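Have it on screen while you read.

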Amino acid sequence: MLKLDNKFLDLELITPEGVLLTDKVKKVKLFTSLGGITILPNHTELKSDVVPGTLKISFYEEAKGDLKYDLGDGVIEVSPNRVTIIASSAKERVVEDLYKV
């Protein structure tokens, strides 16, 4: 029987350059051809295309905060506690600190 009490997902983000990121996360948001989706722990199994747009990752460890990528097209595979994204490209968004002196 499947255990459905995990509080995190194992995320793997892969591009043609190799594995870009592997970490424990609590939420993944991105876009498919059918619209935006949010993946949480214990999500039902899913395989879908990914369309270019923003990938937002909320890490399990609060201190890491959130991370955003500009994602190219690709595919996503989700099992209850694992997310694998294979994308043509992924560029981390850099937020400049406007208050920095």
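1. Which residues have the most contacts inside the largest nonpolar core? They are V28, L55 and I85, in a core of 20 residues. A nonpolar core here is a set of buried Ala, Val, Leu, Ile, Met, Phe, Trp, Tyr and Cys residues joined through side-chain atoms within 4.5 Å. Buried means under 20% relative accessible area, exposed means over 50%, and partly exposed is in between (1.4 Å probe, protein chains only). Two or more residues each come from β1 (9-15), β2 (18-32), β5 (53-59), β6 (66-71), β7 and β8, and β2 gives the most, with 4 residues. In soluble globular proteins, nonpolar side chains tend to be buried together.

2. Before going further, a word on the source: this is a predicted model, where local features need pLDDT of at least 70, side-chain atom pairs count only at pLDDT 80 or more, and totals for chains, interfaces and linings use all residues. Residues are numbered from 1 along each chain as its sequence is written, and side-chain values use heavy atoms, with hydrogens and water left out.

3. How far to trust it? The pLDDT (the predictor's confidence in each residue, from 0 to 100) averages 89 over the protein chain, and 88% of the residues score at least 70. Residues 97-101 are another matter: their pLDDT is below 50, and beyond near neighbours in sequence the stretch has 0 contacts in the model. Where pLDDT is low, the predicted coordinates should not be read in detail.

4. On the fold, you'll find 9 strands and 0 helices. Both are DSSP runs numbered from the N terminus (helices H or I, at least four residues; strands E, at least two). Of the 101 residues, 30% count as buried.

5. Take a look at I85. Leaving aside neighbours within four places in sequence, I85 is in contact (heavy atoms within 4.5 Å) with L11, E12, L13, I14, V28, L30, L55, L71, V75 and I76.

6. N81 is found between β7 (74-79) and β8 (82-87), while N42 lies between β3 (35-39) and β4 (46-50). The side chain of N81 reaches the backbone nitrogen of N42 at 3.2 Å. Buried or partly exposed, then? N81 is buried, at 14% relative accessible area, whereas N42 is partly exposed, at 25%. Also, N42 has a positive phi of about 70° although it is not a glycine.

Methods
Polar contact = N/O pair within 3.5 Å; in protein donor to acceptor, adjacent residues only side chain to side chain.
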